[in-house]
Amino acid sequence: MRTDIPQPVRLADYRPSDYLIDRVELDIKLHATATRVQSKLSLRPNPKGVPGAPLILDGDDLKAKYVLLNGAQIDSSGLFLTPDQLRLETPPQEPFHLEIETEIDPTANTRLMGLYRSGTAYCTQCEAEGFRRITYFLDRPDVLSVYTTRIEADFREAQVLLGNGNRIESGTIEGTGRHFAIWHDPFPKPCYLFALVGGILGSIHDRFVTRSGRDVALGIYVEPGKETSATYAMDALKRSMAWDEEVFGREYDLDVFNIVAVSDFNMGAMENKGLNVFNDKYVLASPATATDTDYAQIEAVIAHEYFHNWTGNRITCRDWFQLCLKEGLTVYRDHEFSADMRSRAVRRIADVRTLRSQQFPEDAGPLAHNVRPDTYLEINNFYTATVYEKGAELIRMLKVLIGDEAFHKGMDLYFARHDGTAATIEEFIACFAEAAKRDLTQFSLWYHQSGTPHVEVESAYDKQAQTLTLDFTQSCKPTPGQDTKQPFLIPIAFGLIASDGAPIALQAGGSDQASEDELARGVIELATTRRRVVFQSVPTRPVPSLLRGFSAPVRLGNSSSEADLLTLVAHDTDSFNRWQAAQTYATRQLLHAVEVVRSGRKPIYDEAFIDALLRVLEQSSDPAFIAQVITLPGEADLAREIGENVDPDAIHGARKALRQAIGEGLKPNLLQTYQALTSKDPYSPDATAAGRRALRNAALDLFCAGNPEEGLPLALQQFESATTMTDKIAALSILTAHAGPEREKALEAFYATHASEALVIDKWFILQATIPEPETLARVKSLMQHAAFSLHNPNRTRSLIGAFATGNQTQFNAADGSGYDFLAGIVLELDSINPQVAARLLAAFRSWRSLETKRQGLAEAALRRVASVSGLSPDVKDIAERSLG
Ligand code: PHE
Ligand code: ZN
């Protein structure tokens with residue numbers, strides 16, 4: 001337990017470490033409650049540090065058995081030892097050795113940081129600051145060491161012993177029932193990439209030969225009996241390895257690559273060198289237990305962690321402020337991988353949906369922070385959508401600005417120049433400035449200014465002069481600690497189309513012309529607060545298609561007429577903007593309807609919009625794309641668009657009414673789509689088959705929204721006969737959303753069939769937690785008593801409590817404050833078990849200031865209740881205080 005008051009860490013205070021650790025030899029004897037960790041460190045003063053400075057090693061809750069300096073006891077006046085620190089007052093000023101033994105209790109470790117137990121396994125999690133819960137160390141990412149790890153365990157308790165790097169030795173210890181393995185990782189790495197696993201585990205194995213001929217042994221370790229559910233992950237791993245060679249020229253560098261799936265994990269997965277540890281949710285999949293979305297996520301997370309081997313491990317971060325250096329870049333890389341494996345257009349839409357639903361609200365509320373923050377109280381709280389998703393968008397935008405060729409030249413330069421080091425964002429950007437021969441100072445502001453810029457465009461066509469004038473304006477609201485912003489450099493990819501869809505050739509002219517280069521690339525660079533661009537010789541009034549492919553993470557104010565939106569939906573060659581135009585139209589209608597609902601009237605919807613959906617539905621093109629077009633913006637998306645004085649009940653009412661109108665208006669068409677997409681083919685998780693299922697289920701959902709008497713029996717039939725989890729959960733989700741006897745029957749049947757599959761039961765929790773009815777809170781409370789639920793397991797907690805707080809807008813934001821009180825209570829209870837997960841749940845309050853006044857008051861009271869408790873973890877305290885700040 002930390003007793004001191006946490007102090008903020010500031011980027012401006014960065015100093016190189018006074019000491020370096022070249023080699024680490026660990027000898028770890030696994031024991032359920034008393035694991036012994038012997039650590040031999042080879043240290044030396046850092047030439048870049050302060051000569052003669054004390055040596056301060058980090059610890060967290062440690063119990064030291066002994067400490068030796070160069071093999072001898074240390075005079076007690078020179079050594080200060082607490083559970084959180086080991087301090088040597090006057091360390092030698094030449095290379096020296098420290099030997100430290102600690103004893104730790106993995107069973108008592110409910111925070112899931114450091115060494116802990118999950119199911120039948122021992123495993124570790126060290127990022128960001130977990131290694132200090134194993135032994136005293138310079139726990140900072142710029143201290144790189146070569147590790148040799150000996151792991152010893154009772155054979156019956158841990159047959160499998162895995163570490164970083166290559167296994168160099170193993171054997172049994174005669175007459176003790178114990179055995180050991182020694183792993184050596186030749187690549188210097190920061191301690192956050194350290195990992196070990198011991199346990200009774202099943203496994204599957206394969207090989208990958210790199211393009212230079214290295215034969216790599218691949219292994220995936222899972223709970224015994226689940227081996228066959230790891231085959232898709234293995235396939236995704238091999239495709240990731242091949243892709244990184246082909247697209248980024250990056251080869252794997254060890255003889256072994258292992259992945260271990262555990263059921264208790266705070267995050268998605270972890271890129272430890274040569275030994276990735278995964279939340280089993282991102283490894284295990286079979287058609288009967290995993291949805292198409294699960295398969296796509298497994299593919300993406302496997303790729304993400306694998307790609308970290310270069311972007312994160314070979315080149316790591318100098319300090320935690322540089323987190324986006326590895327995360328933003330690696331998310332960008334996994335997005336590109338998924339785009340190449342699946343439909344690029346559909347992936348882009350899905351990624352932008354995620355950015356808008358996760359990152360935009362963060363940027364618009366009290367938790368807004370820079371992609372490269374400059375201060376933090378608890379680094380765990382900065383593994384955010386801003387660092388990850390917005391960080392990825394900045395890389396994509398950089399590529400739009402400098403072009404593909406310069407981008408890849410810059411990447412190659414980055415790998416060549418910084419391999420084996422701990423780098424900064426400035427060093428990263430310098431590589432691209434050099435490759436593109438371009439000053440990227442203004443672009444860098446994206447890393448240092450938080451908030452989502454807003455771009456307004458006025459378009460005017462002069463028939464006489466045959467000119468089109470576009471007037472761009474950018475602005476960005478203040479965010480915590482940043483009252484004013486400098487203009488961002490915003491690349492706006494664009495095109496002009498005629499009302500029949502024909503593309504219009506671009507000709508610049510006059511003093512307001514776009515540069516030749518901008519025209520050639522189809523990108524206007526908005527670098528100032530305002531910019532006017534005039535196009536000459538435009539024969540007919542064009543429809544501008546702006547921000548194609550979502551070329552910058554901004555909000556685009558859209559003043560296009562409905563007719564123009566319909567032209568874009570029907571004809572734009574940029575499929576992202578076809579989808580966007582439909583979303584913009586839907587959003588406009590819904591925002592208007594929210595006002596109507598609030599004034600107590602019944603909303604009516606525009607026939608033209610429903611007709612446009614019909615025309616999209618009738619196209620026989622990409623079903624996955626059509627499914628995205630007919631899926632309306634979510635309630636949270638609408639709340640974000642409204643931005644202030646939000647009434648979640650009115651939003652729900654408006655959206656429900658539009659879904660009903662579409663279901664009624666397109667009744668025969670939706671039914672026809674549903675029936676036409678029925679497939680008798682054997683299951684395949686590929687994108688084409690998944691796209692057909694997505695459209696079929698989206699059609700059924702809308703059909704049921706408008707025609708429940710006819711639709712629900714269809715859903716029930718699908719539920720009972722489904723052979724894939726995708727179809728089964730889609731049907732159950734519809735049945736659950738409609739009150740009635742079928743709901744409870746179906747939920748019970750589902751539980752009975754899948755009771756032994758924790759990951760499937762998570763879906764069962766999510767569906768129930770997100771029912772938009774006043775009885776849901778009572779249901780959630782009673783499900784907490786269910787045998788399958790545990791606050792100790794992050795996946796269960798996120799599925800029930802997290803889904804309620806972030807996926808149930810009307811009930812979490814219930815007008816009486818009961819949802820807020822509930823969440824505050826859970827956060828306080830969970831804080832003493834797992835502060836990292838507790839803090840994440842609390843972040844569900846991030847948009848509280850945009851609510852109508854009564855709810856605002858209730859949310860604030862709940863946050864204050866949390867903030868006022870003494871002995872809070874730094875994680876929860878930080879989120880509570882920043883949310884209120
Ligand atoms: N570095 C991990 C990833 O993004 C995330 C992570 C952070 C996992 C902290 C565990 C703890 O791939
Ligand atoms: Zn990552």
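The model is predicted: local features need pLDDT of at least 70 and side-chain atom pairs count only at pLDDT 80 or more, while totals for chains, interfaces and linings use all residues. Residues are numbered from 1 along each chain as its sequence is written, and chains are lettered from A and ligands numbered from 1 in the order in which they are written.

**Domains**

Colour the protein chain by its domain assignment: domain 1 (1-199), domain 2 (201-309), domain 3 (339-448), domain 4 (454-487 + 489-557) and domain 5 (755-885). These bounds come from an automatic or database domain assignment.

Select domain 3 and domain 5, whose C-alpha centres lie 30 Å apart. Their contact takes nine residues from domain 3 and 13 residues from domain 5; two residues are in contact if their C-beta atoms, placed from the backbone, lie within 7 Å. On the domain 3 side, the touching residues are four nonpolar, three polar and two charged. In this classification Ala, Val, Leu, Ile, Met, Phe, Trp, Tyr, Cys and Pro count as nonpolar, Asp, Glu, Lys and Arg as charged, and the others, Gly among them, as polar.

**Annotated spans**

Next, select residues 88-193, which an unreviewed UniProt entry lists as "domain: Aminopeptidase N-like N-terminal". UniProt positions follow the numbering used here, feature names are shortened, and annotations may be inferred rather than shown by experiment. This span is 0% helix and 51% strand, with its end C-alpha atoms 25 Å apart. Helices (H or I, at least four residues) and strands (E, at least two) are DSSP runs, numbered from the N terminus.

Move to residues 563-884, given in the unreviewed UniProt entry as "domain: Peptidase M1 alanyl aminopeptidase C-terminal". Here the chain is 73% helix and 0% strand, and the end C-alpha atoms are 44 Å apart.

**Sheets**

Display the open sheet of eight strands, ordered β6-β5-β9-β3-β2-β12-β15-β14 with mixed pairing. Two strands pair if DSSP finds at least two bridges between them. β6 (72-73) and β14 (166-173) are at the edges with a single partner strand each, so one side of each has no neighbour in the sheet. Within this sheet, zoom in on β3 (residues 35-45) and β9 (residues 96-104), which run antiparallel and are joined by nine bridges. S42 stands opposite H97 in β9.

Now turn to the open sheet of three strands, β4-β8-β7, with antiparallel pairing. Its edge strands, β4 (55-58) and β7 (79-82), each pair on one side only. Four bridges join β7 to β8 (residues 85-88), and F80 has R87 in β8 as its bridge partner.

**Ligand shell**

Select ligand 1 together with Q125, E127, A128, N266, M267, A269, M270, E271, H304, E305, E327 and Y383, which surround it. A residue is near a molecule if its C-beta atom, placed from the backbone, lies within 6 Å of it. β20 (269-270) and α2 (292-307) are the elements that give two or more residues to this shell. By class, the shell has five nonpolar, three polar and four charged residues. Domain 1 (1-199) and domain 2 (201-309) each supply at least three residues.

**Backbone features**

Stay with A128, in the loop between β11 (121-125) and β12 (145-154). The peptide bond from E127 to A128 is cis, with omega near -5°. Finally, select K437, in the loop between α7 (425-436) and α8 (441-448). K437 is not a glycine, yet has a positive phi of about 50°. Most residues other than glycine have a negative phi, and most peptide bonds are trans.
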